[in-house]
Amino acid sequence: MSNREEIELSPGYRISRVVRGGWQLAGGHGPIDRNKVVADLLVSCEEDLCTFDCADIYTGVEDLLGQLRTAVIRRGATDLLARIKIHTKFVPDLHLLPTLTKADVYNAIDRSLRRLRMERLDLVQLHWWDYELGNYVEAAQWLKELQQEGKITLIGGTNFDTSHTKELLKAGIPLTSMQVQYSLLDARPDHGLTELCKSQRVHLLCYGTVAGGFLSDAWLGRSEPFAPFENRSLTKYKLIVEEFGGWALLQELLRTLRSIADDHGVDIATVASRALLERPQVSAVIVGARNLKHLAANLAILDLRLSAQDLARIDNVLRQRRGPKGDVFTLERDRSGPHGSIMKYDLNRLAS
(Lines give C-alpha, C1' and ligand atoms only; values in the text may rest on other atoms or scores of the structure.)
Protein backbone atom coordinates (compact mmCIF):
# COMPACT_ATOMS: atom_id res chain seq x y z
CA MET A 1 0.00 0.00 0.00
CA SER A 2 1.32 3.43 -0.93
CA ASN A 3 2.04 5.97 1.80
CA ARG A 4 1.48 8.85 -0.62
CA GLU A 5 -1.80 10.59 -1.35
CA GLU A 6 -3.96 8.53 -3.70
CA ILE A 7 -7.51 8.59 -5.00
CA GLU A 8 -9.86 5.87 -6.22
CA LEU A 9 -11.09 6.55 -9.77
CA SER A 10 -13.16 3.38 -9.85
CA PRO A 11 -13.73 0.59 -7.32
CA GLY A 12 -10.35 -1.02 -6.75
CA TYR A 13 -8.55 1.34 -9.17
CA ARG A 14 -6.31 3.76 -7.28
CA ILE A 15 -3.86 6.31 -8.65
CA SER A 16 -1.47 8.89 -7.26
CA ARG A 17 -2.90 12.41 -7.17
CA VAL A 18 0.29 13.48 -8.95
CA VAL A 19 0.62 11.78 -12.33
CA ARG A 20 3.88 11.80 -14.27
CA GLY A 21 3.24 13.05 -17.80
CA GLY A 22 5.08 11.60 -20.77
CA TRP A 23 4.89 14.41 -23.32
CA GLN A 24 8.39 15.69 -22.55
CA LEU A 25 9.80 12.21 -23.14
CA ALA A 26 8.50 12.13 -26.71
CA GLY A 27 11.01 11.95 -29.52
CA GLY A 28 10.39 15.51 -30.65
CA HIS A 29 11.72 16.98 -27.41
CA GLY A 30 15.37 16.06 -27.94
CA PRO A 31 17.51 12.91 -27.67
CA ILE A 32 16.42 10.33 -25.10
CA ASP A 33 18.69 7.89 -23.25
CA ARG A 34 16.15 5.12 -22.93
CA ASN A 35 17.95 3.17 -20.22
CA LYS A 36 18.44 6.33 -18.14
CA VAL A 37 14.79 7.27 -18.55
CA VAL A 38 13.62 3.83 -17.42
CA ALA A 39 15.95 4.00 -14.42
CA ASP A 40 14.47 7.40 -13.53
CA LEU A 41 10.94 6.05 -13.88
CA LEU A 42 11.82 3.20 -11.52
CA VAL A 43 12.98 5.69 -8.90
CA SER A 44 9.72 7.57 -9.35
CA CYS A 45 7.79 4.35 -8.75
CA GLU A 46 9.82 3.57 -5.64
CA GLU A 47 8.81 7.01 -4.32
CA ASP A 48 5.15 6.09 -4.88
CA LEU A 49 4.66 8.15 -8.04
CA CYS A 50 3.42 5.12 -9.92
CA THR A 51 0.82 6.64 -12.26
CA PHE A 52 1.90 7.69 -15.74
CA ASP A 53 0.18 9.54 -18.56
CA CYS A 54 1.06 9.03 -22.22
CA ALA A 55 -0.57 8.81 -25.65
CA ASP A 56 -0.26 6.96 -28.92
CA ILE A 57 0.96 10.24 -30.48
CA TYR A 58 3.77 10.73 -27.93
CA THR A 59 6.50 9.24 -30.10
CA GLY A 60 8.30 6.44 -28.25
CA VAL A 61 6.70 7.02 -24.85
CA GLU A 62 4.40 4.00 -24.80
CA ASP A 63 7.45 1.89 -25.65
CA LEU A 64 9.40 3.46 -22.77
CA LEU A 65 6.65 2.65 -20.30
CA GLY A 66 6.48 -0.88 -21.69
CA GLN A 67 10.21 -1.14 -21.02
CA LEU A 68 9.58 0.08 -17.47
CA ARG A 69 7.02 -2.66 -16.92
CA THR A 70 9.48 -5.26 -18.20
CA ALA A 71 12.16 -3.98 -15.81
CA VAL A 72 9.77 -4.27 -12.87
CA ILE A 73 8.74 -7.79 -13.92
CA ARG A 74 12.39 -8.85 -14.17
CA ARG A 75 12.92 -7.63 -10.62
CA GLY A 76 10.08 -9.84 -9.49
CA ALA A 77 8.45 -6.79 -7.88
CA THR A 78 4.87 -7.95 -8.28
CA ASP A 79 3.52 -5.55 -5.64
CA LEU A 80 5.10 -2.60 -7.44
CA LEU A 81 3.83 -3.79 -10.82
CA ALA A 82 0.29 -3.92 -9.44
CA ARG A 83 0.55 -0.31 -8.28
CA ILE A 84 1.78 1.03 -11.63
CA LYS A 85 -1.03 2.56 -13.63
CA ILE A 86 -0.53 3.77 -17.21
CA HIS A 87 -3.05 6.11 -18.81
CA THR A 88 -2.77 6.40 -22.56
CA LYS A 89 -4.80 8.23 -25.19
CA PHE A 90 -6.36 7.33 -28.48
CA VAL A 91 -5.78 10.37 -30.71
CA PRO A 92 -6.73 9.68 -34.32
CA ASP A 93 -5.09 12.07 -36.77
CA LEU A 94 -7.20 14.96 -38.01
CA HIS A 95 -7.13 13.78 -41.62
CA LEU A 96 -8.48 10.34 -40.59
CA LEU A 97 -11.53 11.53 -38.65
CA PRO A 98 -14.02 11.52 -41.57
CA THR A 99 -13.15 7.95 -42.56
CA LEU A 100 -12.26 6.36 -39.23
CA THR A 101 -13.39 2.75 -39.01
CA LYS A 102 -13.88 0.22 -36.27
CA ALA A 103 -10.80 -1.59 -37.56
CA ASP A 104 -8.76 1.61 -37.18
CA VAL A 105 -9.78 1.88 -33.52
CA TYR A 106 -9.09 -1.79 -32.82
CA ASN A 107 -5.70 -1.60 -34.54
CA ALA A 108 -4.71 1.50 -32.57
CA ILE A 109 -5.59 -0.14 -29.25
CA ASP A 110 -3.73 -3.32 -30.22
CA ARG A 111 -0.71 -1.16 -31.09
CA SER A 112 -0.81 0.49 -27.67
CA LEU A 113 -1.09 -2.92 -26.02
CA ARG A 114 2.02 -4.11 -27.86
CA ARG A 115 4.01 -0.99 -27.07
CA LEU A 116 3.06 -1.02 -23.39
CA ARG A 117 3.47 -4.82 -23.17
CA MET A 118 0.10 -5.18 -21.52
CA GLU A 119 -2.81 -7.54 -21.97
CA ARG A 120 -5.30 -4.86 -20.93
CA LEU A 121 -4.91 -1.08 -20.98
CA ASP A 122 -5.60 0.67 -17.68
CA LEU A 123 -7.26 3.84 -19.01
CA VAL A 124 -7.79 4.93 -22.61
CA GLN A 125 -8.67 8.60 -23.12
CA LEU A 126 -10.33 9.60 -26.37
CA HIS A 127 -9.33 12.87 -28.01
CA TRP A 128 -11.17 14.26 -31.05
CA TRP A 129 -9.76 17.23 -32.97
CA ASP A 130 -12.91 18.44 -34.73
CA TYR A 131 -16.50 17.64 -33.67
CA GLU A 132 -17.70 18.34 -37.24
CA LEU A 133 -15.50 15.61 -38.73
CA GLY A 134 -16.38 11.96 -38.36
CA ASN A 135 -18.34 10.44 -35.47
CA TYR A 136 -16.66 10.70 -32.06
CA VAL A 137 -19.62 8.99 -30.33
CA GLU A 138 -19.25 5.97 -32.60
CA ALA A 139 -15.50 5.88 -31.92
CA ALA A 140 -16.21 5.96 -28.19
CA GLN A 141 -18.70 3.11 -28.63
CA TRP A 142 -15.95 1.04 -30.25
CA LEU A 143 -13.73 1.74 -27.25
CA LYS A 144 -16.61 0.55 -25.06
CA GLU A 145 -16.76 -2.68 -27.06
CA LEU A 146 -13.02 -3.15 -26.49
CA GLN A 147 -13.62 -2.58 -22.79
CA GLN A 148 -16.29 -5.29 -22.80
CA GLU A 149 -13.84 -7.60 -24.60
CA GLY A 150 -11.30 -7.10 -21.80
CA LYS A 151 -8.72 -5.02 -23.66
CA ILE A 152 -9.46 -1.80 -21.73
CA THR A 153 -10.18 -1.36 -18.02
CA LEU A 154 -11.45 2.24 -17.96
CA ILE A 155 -12.49 4.80 -20.59
CA GLY A 156 -11.94 8.54 -20.34
CA GLY A 157 -11.86 11.56 -22.57
CA THR A 158 -9.42 14.34 -23.31
CA ASN A 159 -10.40 17.96 -23.96
CA PHE A 160 -14.12 17.38 -24.53
CA ASP A 161 -16.19 20.42 -23.59
CA THR A 162 -19.33 20.37 -21.47
CA SER A 163 -21.95 19.72 -24.16
CA HIS A 164 -19.95 17.02 -25.93
CA THR A 165 -19.03 15.30 -22.66
CA LYS A 166 -22.75 15.28 -21.89
CA GLU A 167 -23.41 13.75 -25.29
CA LEU A 168 -20.94 10.93 -24.67
CA LEU A 169 -22.50 10.21 -21.28
CA LYS A 170 -26.01 10.27 -22.75
CA ALA A 171 -24.86 7.72 -25.35
CA GLY A 172 -23.89 5.36 -22.55
CA ILE A 173 -20.13 5.82 -22.68
CA PRO A 174 -18.87 4.95 -19.17
CA LEU A 175 -16.51 7.90 -18.75
CA THR A 176 -14.35 7.55 -15.67
CA SER A 177 -12.33 10.69 -16.29
CA MET A 178 -11.86 13.75 -18.45
CA GLN A 179 -8.36 15.13 -18.97
CA VAL A 180 -8.35 18.90 -19.38
CA GLN A 181 -6.06 21.89 -19.35
CA TYR A 182 -6.68 23.55 -15.99
CA SER A 183 -4.60 25.97 -13.95
CA LEU A 184 -4.85 29.10 -11.85
CA LEU A 185 -4.52 30.94 -15.17
CA ASP A 186 -6.97 28.80 -17.16
CA ALA A 187 -10.25 28.09 -15.40
CA ARG A 188 -12.30 27.10 -18.44
CA PRO A 189 -13.40 23.78 -16.84
CA ASP A 190 -15.33 25.90 -14.34
CA HIS A 191 -17.59 27.16 -17.16
CA GLY A 192 -19.82 24.10 -16.95
CA LEU A 193 -17.68 20.99 -17.20
CA THR A 194 -16.75 20.75 -13.53
CA GLU A 195 -20.38 20.79 -12.43
CA LEU A 196 -21.35 18.18 -15.03
CA CYS A 197 -18.48 15.91 -14.03
CA LYS A 198 -19.40 16.27 -10.37
CA SER A 199 -23.00 15.26 -11.07
CA GLN A 200 -21.89 12.26 -13.15
CA ARG A 201 -18.92 11.23 -10.97
CA VAL A 202 -16.39 11.85 -13.72
CA HIS A 203 -12.91 12.65 -12.42
CA LEU A 204 -10.89 15.59 -13.77
CA LEU A 205 -7.25 14.83 -14.58
CA CYS A 206 -5.50 18.14 -15.18
CA TYR A 207 -2.52 19.09 -17.31
CA GLY A 208 -0.93 22.51 -17.76
CA THR A 209 -1.22 23.26 -14.04
CA VAL A 210 1.98 25.33 -14.09
CA ALA A 211 1.21 26.79 -17.54
CA GLY A 212 4.36 25.62 -19.25
CA GLY A 213 6.47 27.00 -16.39
CA PHE A 214 4.95 30.48 -16.26
CA LEU A 215 3.56 29.59 -12.83
CA SER A 216 7.01 29.11 -11.32
CA ASP A 217 9.80 31.03 -9.64
CA ALA A 218 11.59 31.23 -12.99
CA TRP A 219 9.26 34.02 -14.19
CA LEU A 220 8.81 35.98 -10.96
CA GLY A 221 9.98 39.55 -11.42
CA ARG A 222 11.04 39.06 -15.04
CA SER A 223 10.20 41.36 -17.92
CA GLU A 224 7.46 40.20 -20.26
CA PRO A 225 8.78 37.93 -23.04
CA PHE A 226 7.55 38.14 -26.61
CA ALA A 227 7.52 35.76 -29.58
CA PRO A 228 9.32 34.01 -31.06
CA PHE A 229 9.75 31.61 -28.15
CA GLU A 230 12.17 28.71 -27.90
CA ASN A 231 9.43 26.07 -27.90
CA ARG A 232 5.77 25.57 -28.69
CA SER A 233 4.83 25.14 -25.03
CA LEU A 234 5.93 28.68 -24.16
CA THR A 235 4.08 30.02 -27.18
CA LYS A 236 0.93 28.18 -26.14
CA TYR A 237 0.91 29.24 -22.51
CA LYS A 238 1.97 32.84 -23.17
CA LEU A 239 -1.30 33.10 -25.10
CA ILE A 240 -3.08 31.86 -21.97
CA VAL A 241 -1.28 34.50 -19.87
CA GLU A 242 -2.59 37.16 -22.23
CA GLU A 243 -6.12 35.78 -22.08
CA PHE A 244 -5.88 35.61 -18.28
CA GLY A 245 -5.18 39.30 -17.87
CA GLY A 246 -1.65 40.02 -19.00
CA TRP A 247 1.84 40.12 -17.58
CA ALA A 248 1.18 42.53 -14.71
CA LEU A 249 -1.61 40.34 -13.33
CA LEU A 250 0.56 37.24 -13.71
CA GLN A 251 3.27 38.97 -11.67
CA GLU A 252 0.76 39.84 -8.95
CA LEU A 253 -0.29 36.20 -8.82
CA LEU A 254 3.33 35.02 -8.71
CA ARG A 255 4.13 37.36 -5.83
CA THR A 256 1.16 36.00 -3.90
CA LEU A 257 2.17 32.40 -4.64
CA ARG A 258 5.75 33.17 -3.61
CA SER A 259 4.58 34.55 -0.26
CA ILE A 260 2.50 31.42 0.36
CA ALA A 261 5.38 29.21 -0.77
CA ASP A 262 7.70 30.94 1.72
CA ASP A 263 5.28 30.10 4.52
CA HIS A 264 5.43 26.40 3.60
CA GLY A 265 9.05 26.08 2.48
CA VAL A 266 8.22 25.07 -1.08
CA ASP A 267 8.33 26.65 -4.55
CA ILE A 268 5.69 28.50 -6.57
CA ALA A 269 4.97 25.59 -8.91
CA THR A 270 4.21 23.33 -5.96
CA VAL A 271 1.70 25.83 -4.55
CA ALA A 272 0.10 26.33 -7.99
CA SER A 273 -0.35 22.58 -8.48
CA ARG A 274 -1.60 21.96 -4.94
CA ALA A 275 -4.13 24.75 -5.29
CA LEU A 276 -5.55 22.91 -8.33
CA LEU A 277 -5.86 19.69 -6.32
CA GLU A 278 -8.11 21.59 -3.92
CA ARG A 279 -10.55 22.46 -6.73
CA PRO A 280 -13.88 20.59 -6.96
CA GLN A 281 -13.75 17.31 -8.88
CA VAL A 282 -9.98 17.53 -9.54
CA SER A 283 -8.57 14.10 -8.79
CA ALA A 284 -5.01 14.47 -10.08
CA VAL A 285 -2.55 16.88 -11.64
CA ILE A 286 -0.25 15.76 -14.45
CA VAL A 287 3.33 16.99 -14.16
CA GLY A 288 5.78 16.85 -17.04
CA ALA A 289 9.31 15.65 -16.36
CA ARG A 290 12.25 14.53 -18.50
CA ASN A 291 14.32 13.40 -15.52
CA LEU A 292 14.42 13.33 -11.70
CA LYS A 293 15.31 17.02 -11.35
CA HIS A 294 11.84 17.94 -10.13
CA LEU A 295 10.99 14.72 -8.28
CA ALA A 296 11.29 16.28 -4.82
CA ALA A 297 9.06 19.18 -5.86
CA ASN A 298 6.53 16.78 -7.36
CA LEU A 299 6.41 14.80 -4.13
CA ALA A 300 5.99 18.05 -2.22
CA ILE A 301 2.68 18.62 -4.03
CA LEU A 302 1.31 15.56 -2.25
CA ASP A 303 2.68 16.61 1.14
CA LEU A 304 1.63 20.28 1.02
CA ARG A 305 -1.54 21.37 2.79
CA LEU A 306 -2.81 24.84 1.97
CA SER A 307 -4.91 26.69 4.52
CA ALA A 308 -8.23 28.36 3.83
CA GLN A 309 -6.39 31.66 4.20
CA ASP A 310 -3.83 30.60 1.55
CA LEU A 311 -6.57 29.74 -0.91
CA ALA A 312 -8.45 32.96 -0.16
CA ARG A 313 -5.32 35.00 -0.94
CA ILE A 314 -5.02 33.26 -4.29
CA ASP A 315 -8.71 33.78 -5.06
CA ASN A 316 -8.38 37.50 -4.32
CA VAL A 317 -5.96 37.78 -7.22
CA LEU A 318 -7.97 35.50 -9.50
CA ARG A 319 -11.04 37.71 -9.17
CA GLN A 320 -9.22 40.18 -11.44
CA ARG A 321 -8.89 37.72 -14.33
CA ARG A 322 -10.37 38.53 -17.73
CA GLY A 323 -10.30 35.03 -19.16
CA PRO A 324 -9.73 32.72 -20.92
CA LYS A 325 -13.39 32.72 -21.86
CA GLY A 326 -15.43 29.88 -23.26
CA ASP A 327 -15.46 26.16 -22.64
CA VAL A 328 -12.68 23.61 -22.49
CA PHE A 329 -10.42 23.55 -25.59
CA THR A 330 -12.73 25.84 -27.57
CA LEU A 331 -9.96 28.30 -28.40
CA GLU A 332 -7.68 25.48 -29.50
CA ARG A 333 -10.30 24.01 -31.86
CA ASP A 334 -10.20 27.14 -34.02
CA ARG A 335 -7.41 26.06 -36.34
CA SER A 336 -7.22 29.54 -37.91
CA GLY A 337 -6.88 31.29 -34.54
CA PRO A 338 -3.72 31.90 -32.50
CA HIS A 339 -4.31 28.97 -30.16
CA GLY A 340 -5.25 26.39 -32.78
CA SER A 341 -2.73 27.40 -35.44
CA ILE A 342 0.22 26.18 -33.34
CA MET A 343 -1.22 22.70 -32.77
CA LYS A 344 0.08 19.58 -34.53
CA TYR A 345 -2.76 17.44 -35.75
CA ASP A 346 -1.32 14.43 -37.58
CA LEU A 347 1.31 13.14 -35.18
CA ASN A 348 0.61 9.46 -35.81
CA ARG A 349 1.28 9.95 -39.52
CA LEU A 350 4.39 12.02 -38.78
CA ALA A 351 5.69 9.39 -36.38
CA SER A 352 5.27 6.65 -38.93
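A: Searching the whole structure, which is a predicted model, turns up one cavity of 30 Å³ or more. This largest cavity holds about 50 Å³ of space. Its lining consists of Arg 20, Gly 21, Gly 22, Leu 25, Leu 41, Phe 52, Asp 53, Val 61, Leu 64 and Leu 65. The largest share comes from α2, with three residues. By type, six residues of the cavity lining are nonpolar, two are polar and two are charged.

Asn 298 belongs to helix α11 (residues 295–303). Leaving aside residues up to four places away in sequence, Asn 298 touches Val 18, Leu 49 and Val 287. Its relative accessibility is 9%, and the limit for buried is under 20%, so Asn 298 counts as buried.

The next topic is how rings sit against each other. A pair of aromatic rings is described by the distance between the centres and the angle between the planes. The whole structure has nine aromatic pairs. In one of them, Trp 129 and Tyr 345, the ring centres are 4.8 Å apart and the planes meet at 70°; an angle over 60 degrees counts as edge-to-face, so this pair is edge-to-face. Trp 129 is in the loop between β6 (121–127) and α5 (136–148), while Tyr 345 is in the loop between α13 and α14 (347–351), so the pair ties together parts 216 residues apart in sequence. Trp 129 is buried, with a relative accessible area of 8%. Tyr 345 is buried too, at 14%.

A second pair, Tyr 131 and Phe 160, is tilted, with 6.0 Å from centre to centre and 40° between the planes. Tyr 131 sits in the loop between β6 and α5, and Phe 160 in the loop between β7 (152–158) and α6 (162–170), so this pair links parts that are 29 residues apart in sequence. Tyr 131 and Phe 160 are both buried. These two residues also belong to one aromatic cluster, together with Trp 128 and Tyr 136. Tyr 131 has a charged neighbour as well: Arg 333 lies over the face of its ring, at 4.0 Å from the ring centre.

The backbone comes last. Most residues other than glycine have a negative phi, and most peptide bonds are trans. Two cis bonds can be pointed out here. The bond from Gly 323 to Pro 324 is cis, with omega near 0°. Pro 324 is in the loop between α12 (308–318) and α13 (330–333), and at 3% relative accessibility it counts as buried. Not counting residues up to four places away in sequence, Pro 324 touches several others, including Leu 185, His 191, Phe 244 and Leu 331. A cis peptide bond also joins Ala 227 and Pro 228, with omega of about 5°. Pro 228 lies in the loop between β9 (203–207) and α8 (232–244).

Ala 211 is found in that loop between β9 and α8 as well. Its phi is positive, near 50°, and the residue is not a glycine. At 0% relative accessibility, Ala 211 counts as buried. Arg 117 also has a positive phi, of about 60°. Arg 117 is located in the loop between α4 (102–116) and β6. Its relative accessibility is 43%, so Arg 117 counts as partly exposed.

Definitions and conventions: Residues numbered from 1 in each chain as written. Predicted model: local features only at pLDDT ≥ 70, side-chain atom pairs only at ≥ 80, totals over all residues. Heavy atoms only, no water. Helix = DSSP H or I, 4+ residues; strand = E, 2+ residues; numbered from the N terminus. Buried < 20%, exposed > 50% of the residue type's maximum accessible area, 1.4 Å probe, protein only. Contact = heavy atoms within 4.5 Å. 1 Å grid on protein atoms, 1.4 Å probe; cavity = no way out; pocket = protein on both sides within 12 Å on 5 of 7 lines; lining within 4 Å. Points joined across faces, edges and corners; volume = space filled by probe spheres on them. Nonpolar A, V, L, I, M, F, W, Y, C, P; charged D, E, K, R; others polar. Phe/Tyr/Trp six-rings, centres within 6.5 Å; stacked < 30°, edge-to-face > 60°. Lys NZ or Arg CZ within 6 Å of the ring centre and 35° of its normal.
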